[in-house]
Amino acid sequence: MTELLLSLEGTDAGRQAALWLALLAAFSHALFGALQKGRFDPWLMRGGIDLAYALMALPFALFVVPWPEPHMWPIFGGAFLIHAGYKMVQAASYARGAYTVVYPVVRGTGPLFTVLGAGLVFGEQFSGGQWLGLGVLLAGIFGLAAYNLRHVTDNRDTLLPALGLAVITGGFVAAYTTYDAWAIRQPPDPFTFLAWFFLLDGFLMPLLARRRMVALPRADRWPFAKKAVLGALVAYISFGAILIATRIGTVGEAAVLRETSTVFAALIGWAVLGESTGPRRVALMTLIAAGAVIVQLAG
């Protein structure tokens with residue numbers, strides 16, 4: 001698998017594979033957000049998910065992938081700090097605002113800064129058509145957030161703090177997307193970074209949520225455990241897909257295409273969480289998808 005991925009780097013086939021991986025990451029990321037925002041407290045759910053994916057990663061990190069070289073440990077430390085900040089701010093925003101309002105703001109602030117960061121770190125440049133597509137996509141994302149803000153009735157008293165936290169979360173999204181895309185290029189085997197990242201990243205949130213876990217009613221423990229394992233599997237798909245996409249494709253394009261997750265999030269919010277939708281939201285979601293298509297076709 002490693003040899004196949006390395007052979008795709010910088011090729012047309014790699015760019016096409018990165019496209020589909022980014023779309024897979026978009027869907028799975030929206031599903032992950034819905035899992036964290038659903039029945040259980042976001043801090044509790046994130047702690048359970050992280051613990052599950054750390055335990056899953058343990059045997060792969062120790063016995064399957066090549067052992068990290070010494071220069072990788074500071075890189076893992078940087079990734080840990082960025083993701084810790086991201087998860088804490090994200091959980092705080094989800095606890096204060098409706099999912100269909102908070103999620104588009106988080107996703108809308110990320111891609112622009114990621115594209116700029118990819119230009120600085122990797123020397124990637126967007127064409128004029130791609131910048132147009134990014135603008136269309138961002139207009140759709142922030143239009144969706146503005147519409148939701150106007151019409152949402154849940155958590156109105158805490159919505160403004162939730163939006164502020166969502167903007168900060170979007171900054172963390174840009175930071176970890178650029179940093180992780182660089183970090184996964186550092187070891188000879190990209191799966192070394194993935195396995196050890198999930199192992200090291202997975203123990204902070206369970207520690208922060210330990211009191212909530214202990215206080216969980218007995219009747220809720222098995223449903224919570226099942227949801228945590230499902231969330232861990234979705235996290236592997238989401239994070240793994242986007243990181244591999246940024247390694248074999250371009251970071252900026254992958255980051256923009258991932259933001260079609262806003263479309264999937266709105267659909268999941270309507271179908272699963274019972275949050276309302278309508279023709280205006282459908283039109284804005286279409287705008288988001290159109291922006292992503294323009295970015296891809298203009299590349």
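A crossing of two helices is left-handed if the near helix is turned anticlockwise from the far one by less than a right angle, and right-handed if clockwise. By this criterion, α4 passes α7 in a left-handed crossing.

The structure is a predicted model, in which local features need pLDDT of at least 70 and side-chain atom pairs count only at pLDDT 80 or more, while totals for chains, interfaces and linings use all residues. Residues are numbered from 1 along each chain as its sequence is written, and side-chain values use heavy atoms, with hydrogens and water left out.

Helices are DSSP runs (H or I, at least four residues), numbered from the N terminus. The axes (lines fitted to C-alpha atoms over the stretch in contact, with angles from 0 to 180 degrees between N-to-C directions) of α4 (residues 72-96) and α7 (residues 159-183) come within 8 Å and cross at roughly 160°. α4 is therefore roughly antiparallel to α7 (an angle over 145 degrees).

A cavity is a set of points on a 1 Å grid over the protein atoms alone where a 1.4 Å probe fits but cannot get out; its lining residues have an atom within 4 Å of a point. Of its 16 lining residues, His29, Arg46, Tyr86, Tyr176 and Phe239 lie nearest the centre. Helix α11 (218-248) gives the largest share of this lining, four residues.

Residue classes are tabulated below, with Ala, Val, Leu, Ile, Met, Phe, Trp, Tyr, Cys and Pro as nonpolar, Asp, Glu, Lys and Arg as charged, and the others, Gly among them, as polar.

| Contact of α4 with α7 | 21 residues | six residues | two residues |

Terms used:
Helices (H or I, at least four residues) and strands (E, at least two) are DSSP runs, numbered from the N terminus. Angles under 35 degrees count as roughly parallel, over 145 as roughly antiparallel, 65 to 115 as roughly perpendicular and the rest as oblique. On a 1 Å grid over the protein atoms alone, a cavity is a set of points where a 1.4 Å probe fits but cannot get out, and a pocket is an open set with protein on both sides within 12 Å along at least five of seven lines; lining residues have an atom within 4 Å of a point.
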